Amino acid sequence: GGKKTGSESFLRKRCDVWELKSLATTALVYKGITLRSKSTMGGLVITKTATNFEESAPVSKDHFAIPANMKIHDAGDRTEMLKKMKKKGKG
């Protein structure tokens, strides 16, 4: 439901300006990466702003490693779980 409304320079990058009226959000997007966004929800303004952006920066695979002490549980099929929850709510 977003609409590109123009372009703007931010952090030395030419960004597309996207407006999502249904979410009261405006975002500056560079190559699919949001560098700045501003949303208004219930009178509260939420702003997220990148302070630095280095294109093609090296990232260690360690940043994506799952911590050794983390437990992973299979939640099963979410569709079936939602169906069961809906049935319980009707009864």
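**Charge, fold and core of the predicted model**

The protein carries 19 positive and 9 negative side chains, and the centres of the two sets lie 7 Å apart. Lys and Arg count as positive and Asp and Glu as negative, while His and the chain ends are not counted. Each charge is placed at NZ of Lys, CZ of Arg, CG of Asp or CD of Glu. The model is predicted: local features need pLDDT of at least 70, side-chain atom pairs count only at pLDDT 80 or more, and totals for chains, interfaces and linings use all residues. Residues are numbered from 1 along each chain as its sequence is written, and side-chain values use heavy atoms, with hydrogens and water left out.

One helix and five strands make up the secondary structure. Helices (H or I, at least four residues) and strands (E, at least two) are DSSP runs, numbered from the N terminus. Along the sequence the pattern reads β-β-β-β-β-α. The radius of gyration of the protein is 20 Å, whereas a compact globule of 91 residues would have one near 12 Å. This radius is taken over C-alpha atoms, and the globule rule is 2.2 Å times the number of residues to the power 0.38. Along the principal axes, the C-alpha atoms fill a box of roughly 55 × 40 × 20 Å.

The accessible surface comes to about 8,100 Å², and 55% of it belongs to carbon and sulfur atoms. Areas come from the Shrake-Rupley method with a 1.4 Å probe; for residues, only the protein chains shown count as cover. Of the 91 residues, 14% count as buried (buried is under 20% relative accessible area, exposed over 50%, partly exposed in between; 1.4 Å probe, protein chains only). Contacts (heavy atoms within 4.5 Å) were also computed. Among those between residues at least 6 apart in sequence, 15% join residues at least 24 apart.

The largest nonpolar core has seven residues: Phe10, Cys15, Val17, Leu28, Tyr30, Leu35 and Phe53. Strand S2 (13–20) and strand S3 (25–30) are the elements that give two or more residues to this core. Such a core is a set of buried Ala, Val, Leu, Ile, Met, Phe, Trp, Tyr and Cys residues joined through side-chain atoms within 4.5 Å. Beyond its neighbours within four places in sequence, Val17 is in contact with Lys3, Lys4, Thr5, Gly6, Ser7, Glu8, Thr26, Ala27 and Leu28.

Ser37 belongs to strand S4 (residues 33–41). Ser37 is buried, at a relative accessible area of 13%. With neighbours within four places in sequence left aside, Ser37 is in contact with Thr26, Ala27, Ile46, Thr47 and Lys48.

Two loop residues were examined for backbone geometry. Leu11 is not a glycine, yet has a positive phi of about 50 degrees. Leu11 lies in the loop between strand S1 (3–10) and S2. The relative accessible area of Leu11 is 23%, so Leu11 is partly exposed. Ala24, also a residue other than glycine, has a positive phi near 50 degrees. Ala24 sits in the loop between S2 and S3 and counts as partly exposed at 36% relative accessibility.

Glu55 lies in the loop between strand S5 (44–49) and helix H1 (78–90). Glu55 counts as partly exposed because its relative accessibility is 32%. The C-alpha atoms of Glu55 and Val45 are separated by 28 Å, with the two residues 10 apart along the chain. Neighbours within four places in sequence aside, Glu55 is in contact with Lys13, Tyr30 and Lys31. Tyr30 is also one of the residues of the largest nonpolar core.
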